[in-house]
Amino acid sequence: MNRRCRTWSLALLAAVPLAVGASDRLELADFVPPHDGCYDRSAWPQTAVVDTHVHFRPFGGPAHAFDDVVAFMERTGVRFANVYGIGQMLPLGSPCTYYLDCPGVPVRPTLKNDFSNVLNLLDSPPDNVHLTLSMTFFDLERPDKVLEGIALLDEEFPGLFRWAGEVNLVKQALFGNSHRAVPLEAIARWKPFMSLLRERGIPFAVHSDLGSDTEPMKYAAWIEEVLRLYPNNPIVWMHMGLSRELTRIDPQAHLSFMRSLMDRYPLLMVDISWRIIDDALFSKPELRGAYLGFIEQYSERVLPGSDFVASADKSFETYREELRVTSSILGHLSNEAFRNIALGENYFRLLSLDFSAPPICSSAPAQPAG
């Protein structure tokens, strides 16, 4: 794998763009320090090179082949990703691939997807994409079962799972499929498995809806309780609390709540995956500026992701579009924030990976247009 511009001295790094050759994408080797060049935002894509939120397995029905999903990433320039299953699946034999198409059909926590993902990765490790396996099976109402599941994965695949989530604390979209908000009092019983995750430095990525359009902050206490009880765990809050049920939140109230959490809990990070955020907020010029201010302020604590679900009925074009939409806000960021978020510096630091994002060329605009 070719490294670029090897003859340039470190003193000239900021002025030497990485060469754009036959491919306009960085290679995995470009993230191995020391860097031989800088990232020219005027010539290279503004989409994220890290997809921290992609589901290699669907809720039900056939999945895309593992290698196909990796190929989607390679073609779009994604070089780092979390391998999520879906921890709550439709029953075996169900004709449904998506829970919203099957109201009344229960969706239950399971280890099946985590086993599928790890076996697929071991059978076919990619050369140009770095993948991090995630445990997605957690039943947050039965913490004793969480420890049992981790022990099983440890026995079969020691040291391979370095992430936990996406796990559902409150997901209103699943209320029609026998899911409910985990009782607040149950969160205190997570201490044994949260202690284990903390000892291992494993981030805990949690889906916790804030509320709905009619009651925007109905479930705010849920994420607050997690943070209050486990302030020393690295926690990633999925989708900034937004959901299909909450797309018309007052931005100032939303941002005030998030800033309060970020200021009180230094290990909290937010995930800006899922196109629902762009559709509802980031794509609207009258709202975008306020959220850009938040992202810039906490640029070391924001993670990007597509939230793509790899059911067999999805295509490469679907993945490319999800990545484009969920990355659209990134083109508006300052160079520092772009490097932290889009080029993966936050992700590398969170997981203590031996990679780093290349510097941004000093000639690149500080805040590129649109």
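**Figure 1. The whole chain and its accessible surface.** The accessible surface of this chain comes to about 14800 Å², and 52% of that belongs to carbon and sulfur atoms. Areas like this come from the Shrake-Rupley method with a 1.4 Å probe, and for residues only the protein chains shown count as cover. What you're looking at is a predicted model, where local features need pLDDT of at least 70 and side-chain atom pairs count only at pLDDT 80 or more, while totals for chains, interfaces and linings use all residues. Residues are numbered from 1 along each chain as its sequence is written, and side-chain values use heavy atoms, with hydrogens and water left out. The chain has 11 helices and 11 strands; these are DSSP runs numbered from the N terminus, with helices (H or I) of at least four residues and strands (E) of at least two. Of the 370 residues, 58% are buried. Buried means under 20% relative accessible area, exposed means over 50%, and partly exposed is in between (1.4 Å probe, protein chains only). Among contacts (heavy atoms within 4.5 Å) with a separation of 6 or more, 79% join residues 24 or more positions apart.

**Figure 2. Helix 7 and what surrounds it.** Helix 7 covers residues 275-282, and six of its eight residues are buried, so the rest of the structure largely encloses this helix. The buried ones are Ile-276, Ile-277, Asp-278, Ala-280, Leu-281 and Phe-282. They pack against helix 6 (251-264), strand 9 (268-271), helix 8 (285-297) and helix 9 (316-326).

**Figure 3. Helix 5 under its cover.** Look along helix 5 (residues 220-229) and you'll find Ala-220, Trp-222, Ile-223, Glu-225, Val-226 and Leu-227 buried. Their cover includes strand 6, strand 7 (204-208), strand 8 (235-237), helix 6 and strand 9.

**Figure 4. Val-170 in strand 6.** Val-170 is found in strand 6 and, at 0% relative accessibility, counts as buried. Setting aside neighbours within four places in sequence, its contacts are Phe-175, His-179, Ala-181, His-207, Ser-208, Asp-209, Tyr-219 and Trp-222. Val-170 and Gly-241 are 71 residues apart in sequence, and their C-alpha atoms are 9.6 Å apart in space.

**Figure 5. Thr-52 in strand 1.** Here's a residue of strand 1 (residues 50-55), Thr-52. Thr-52 is buried, with a relative accessible area of 2%. Not counting residues up to four places away in sequence, Thr-52 touches Asn-82, Tyr-84, Asp-271, Leu-303, Pro-304, Gly-305 and Tyr-347.

**Figure 6. Cys-361 and Arg-41.** Cys-361 sits in the segment after helix 11 (345-351). At 1% relative accessibility, Cys-361 counts as buried. Cys-361 and Arg-41 are 320 residues apart in sequence, yet 7.6 Å apart in space, C-alpha to C-alpha.

**Figure 7. Two patches on the surface.** Asp-67, Asp-68, Glu-74 and Asp-127 gather in a patch of negative charge. Asp-67 belongs to helix 1 (residues 66-76) and is partly exposed, with a relative accessible area of 42%. The other patch is nonpolar: Leu-119, Leu-122 and Leu-160 together have about 250 Å² of accessible area. Leu-160 lies in the loop between helix 3 (143-156) and strand 6 (161-170), and is partly exposed at 33% relative accessible area. Patches are made of residues with over 30% relative accessible area and no salt bridge, joining like charges within 9 Å and nonpolar side chains (Val, Leu, Ile, Met, Phe, Trp, Tyr) within 5 Å. A salt bridge is a side-chain nitrogen of Lys or Arg within 4 Å of a carboxyl oxygen of Asp or Glu. Lys and Arg count as positive and Asp and Glu as negative, while His and the chain ends are not counted; a charge is placed at NZ of Lys, CZ of Arg, CG of Asp or CD of Glu.
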